[in-house]
Amino acid sequence: MSGLDGAANGGWQHAPIDPTWIVHGDPVAEVMPVDSGRQLSTGYWRCAAGGFVWRYDSDEAVVVLSGGMLLRDVALDAPWRPVTAGESVLFKAGTSVEWNVPDRVYKHYAIYHGRPLWRRALSRARRALP
């Protein structure tokens, strides 16, 4: 991935995964923030092979740029879902998702720090009721 892989970028920062979240392997993650506002943060994230459970405190939308992973919702004991380059995923605040990265994954992320979008929609729907 030109631009994201090169040392000329100089923007990659080590972003360790909480050791208690790691299920297998030694997933090493790095992040390159692009914009960090009060309500929305965007950037790039990459991770080497391994498995971990990610606990989402905020709504996060991602687009996989290269590589891929297998995902499953831990609470639902859902089946594994493969996600590859070009696909996008929305993770809701409060969910825990197990990631299995077989090789390497690069993604673009957008994290919404405000009140979860689904709660805002529910609030609006309730206000609209007679």
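Biologist: What makes Trp 45 count as buried in this predicted model?

Modeller: Trp 45 has a relative accessibility of 8%, and buried means under 20%, so Trp 45 counts as buried. Trp 99 is buried as well.

Biologist: Why is Trp 54 called partly exposed?

Modeller: The relative accessible area of Trp 54 is 24%. Buried would need a value under 20% and exposed one over 50%, so Trp 54 is partly exposed.

Biologist: How many aromatic pairs does the whole structure hold, and why is the pair of Trp 45 and Trp 54 called edge-to-face?

Modeller: The search finds 10 aromatic pairs. In the pair of Trp 45 and Trp 54, the ring centres are 6.4 Å apart and the planes stand at 75 degrees. Rings pair if their centres lie within 6.5 Å, and planes over 60 degrees apart count as edge-to-face, so this pair is edge-to-face.

Biologist: What makes Trp 45 and Trp 99 an edge-to-face pair?

Modeller: Their centres are 5.6 Å apart and their planes are at 65 degrees, so the pair is edge-to-face. Trp 45 belongs to strand β4 and Trp 99 to strand β8, so the pair ties together parts that are 54 residues apart in sequence.

Biologist: How do you know that the charged end of Lys 107 sits over the ring of Trp 45?

Modeller: The charged end lies 4.5 Å from the ring centre of Trp 45, and the cut-offs are 6 Å from the centre and 35 degrees from the ring normal. Lys 107 is also among the contacts of Val 62.

Biologist: Why is Val 62 called buried?

Modeller: Val 62, in strand β5, has a relative accessible area of 2%; the limit is under 20%, so Val 62 is buried.

Definitions and conventions
Residues are numbered from 1 along each chain as its sequence is written. This is a predicted model: local features need pLDDT of at least 70, side-chain atom pairs count only at pLDDT 80 or more; totals for chains, interfaces and linings use all residues. Side-chain values use heavy atoms; hydrogens and water are left out. Helices (H or I, at least four residues) and strands (E, at least two) are DSSP runs, numbered from the N terminus. Buried means under 20% relative accessible area, exposed over 50%, partly exposed in between (1.4 Å probe, protein chains only). Contact means heavy atoms within 4.5 Å. Rings of Phe, Tyr and Trp (its six-membered ring) pair if their centres lie within 6.5 Å; planes under 30 degrees apart count as stacked, over 60 as edge-to-face and the rest as tilted. Lists of a residue's contacts leave out its neighbours within four places in sequence.
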